[in-house]
Amino acid sequence: MGCYTYKMNDKTHWVAITSFCNNNCLFCLDGKHKSNIFLSDFQIKKNILEGINNNCSRIVLSGGEASISPNFKEYIKYSKLVGYKHIQTITNGRMFSNELFLDECICAGLDEITFSIHSHRKDIFEQITNSTMSYKQTYKGLINALSKKIIVSCDIVLNKLNIDEIDKTIAFLIKIGLREFDIMQLMPFGSAWKNWDMLYYDIEKKKDKINSAIALCKNNNVVVFTNKIPYNILDNNYDQIQNPQKLYDEIRGRSEQIIERLNSDSFLECYPKRCKYCFLKDLCQFIIDSFKKCNKEEKKLNTKDTIIFSKMDNYYHNKSKIKIIDYYNLKFKNIPFCIMPKHLREKISFEDLTYDKKNFDLMYCTQIFINHIKVKPIKCKDCFYNYKCKGISVLKAKKSGFNQLKPE
Ligand code: SF4
Ligand code: SF4
């Protein structure tokens with residue numbers, strides 16, 4: 001089965017060709033469920049075609065490690081043939097150390113290679129990949145790819161083994177010639193959960209490391225994205241907050257399993273033990289609560305709130321506008337205390353987000369959450385109002401940052 005995401009405005013189809021891999025990474029998300037199979041040729045081509053039928057113009061061939069499939073080049077050619085405009089693979093890069101193989105893949109139509117590279121140091125790199133020889137082959141593959149007319153980017157998964165030198169790793173990769181990074185947070189799934197003691201680190205304590213790695217990319221005019229990095233630690237790089245719409249893809253990829261579990265009065269097997277480590281924790285809890293409530297009569301989201309929020313938008317951008325709005329006739333809901341004049345603060349109240357449909361619809365529920373998700377920076381921990389304040393919308397934070405919030 002494939003799944004869909006969006007890059008820029010193009011819809012992307014993901015197809016896993018195999019669950020085999022020539023590395024054995026400590027945090028492999030597929031680790032626990034690895035069945036070491038190549039899907040049948042018929043099934044893979046069917047999955048590739050599925051994206052075209054769903055109007056996708058880009059395809060990502062992934063795994064396991066897609067490039068070790070004996071038919072990898074054939075699937076690139078087939079993807080081109082059926083109409084994809086852009087063909088990308090996500091890889092550990094070892095197969096591309098063979099330049100002839102790389103050339104053949106490019107000839108077949110490969111447009112972009114994303115290398116998973118987690119350290120500039122051989123010892124740490126191979127500790128993470130759990131495979132000797134992987135460092136030499138991956139870097140050879142990367143250097144080969146950078147010498148071709150093809151897009152090359154890099155995924156880095158942050159963990160206890162690489163976080164302290166993440167800035168050095170990025171500086172090294174920029175020096176080699178990489179111009180695009182996706183910095184990803186560790187998730188408590190697959191092999192990562194099995195190796196949690198070895199990999200887990202407190203991301204709040206390492207926020208300066210992460211922010212300086214992002215700053216390094218920006219200073220070198222290198223493209224950088226964050227992926228599942230908690231919004232609250234990106235106070236110095238708020239523009240890098242991940243688009244909350246990506247949460248939609250996270251749930252869509254698990255939707256069948258979630259619905260099945262909810263209908264049998266349970267939830268994902270990772271619930272609740274691993275949730276405190278997981279980027280999806282608030283969303284999963286909202287889904288569970290909404291499912292439980294949806295058969296009961298629930299209070300609908302108050303549409304007046306939306307009006308109040310839109311008026312508050314003016315206030316966020318130009319405090320003087322508060323003078324021209326009759327705030328005394330309004331009640332403020334879910335507005336941070338610190339951006340309101342003291343004499344209006346007693347008018348602020350807070351409401352929990354509620355699901356507003358009678359029948360449960362997982363993707364609709366996810367969209368409600370995305371539309372209303374709020375965030376507070378770490379500095380709010382010292383604020384008198386912290387225990388009841390929900391902070392500002394993520395989209396607002398992504399646009400204007402957290403400077404306007406002043407703990408009291
Ligand atoms: S937040 Fe959701 S996905 Fe994450 S560990 Fe908990 S149940 Fe699993
Ligand atoms: S500083 Fe943070 S916790 Fe305090 S009122 Fe402002 S947003 Fe809320």
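What follows is a dialogue about a predicted model, its helices and some of its loops.

Visitor: How do you know that the length of helix H12 agrees with its number of residues?

Guide: Helix H12 covers residues 281-293, which is 13 residues. At 1.5 Å a residue these should span 18 Å, and the end C-alpha atoms are 18 Å apart, so the two values agree.

Visitor: Which residues of H12 are buried?

Guide: Leu283, Cys284, Phe286, Ile287, Ser290 and Phe291 are buried. The term requires 20 or more other C-beta atoms within 10 Å.

Visitor: Which helices do the buried residues of H12 pack against?

Guide: The partners are helix H10 (246-252), helix H11 (255-263) and helix H14 (362-372).

Visitor: Why is Asp265 called exposed?

Guide: Asp265 has 8 C-beta neighbours inside 10 Å. The cut-off for exposed is 12 or fewer, so Asp265 counts as exposed. Asp265 sits in the loop between H11 and H12, and has a positive phi of about 60° although it is not a glycine.

Visitor: Why is Lys228 called partly exposed?

Guide: Lys228 has 18 other C-beta atoms within 10 Å. Buried needs 20 or more and exposed needs 12 or fewer, so Lys228 falls in between and is partly exposed. Lys228 belongs to the loop between strand E8 (223-227) and H10. Its phi is near 65°, a positive value in a residue other than glycine.

Visitor: Where do cis peptide bonds occur here?

Guide: One joins Gly63 and Gly64, with omega about 20°; Gly64 is in the loop between strand E3 (58-62) and H2. Another joins Tyr271 and Pro272, with omega about -5°, and Pro272 is in the loop between H11 and H12.

Visitor: How do helices H1 and H2 pack, and which residues make the contact?

Guide: H1 (residues 41-53) and H2 (residues 72-82) pack at an angle of about 35°, with axes 10 Å apart. Ile44, Lys45, Ile48, Leu49 and Ile52 of H1 meet Tyr75, Tyr78, Ser79 and Val82 of H2. By class, the contact has seven nonpolar, one polar and one charged residues.

Note on methods:
Residues numbered from 1 in each chain as written. Chains lettered and ligands numbered in written order. Predicted model: local features only at pLDDT ≥ 70, side-chain atom pairs only at ≥ 80, totals over all residues. Axes fitted to C-alpha atoms, helices over the stretch in contact; angles between N-to-C directions. Helix = DSSP H or I, 4+ residues; strand = E, 2+ residues; numbered from the N terminus. Contact = placed C-beta atoms within 7 Å. Nonpolar A, V, L, I, M, F, W, Y, C, P; charged D, E, K, R; others polar. Expected span 1.5 Å × (residues − 1).
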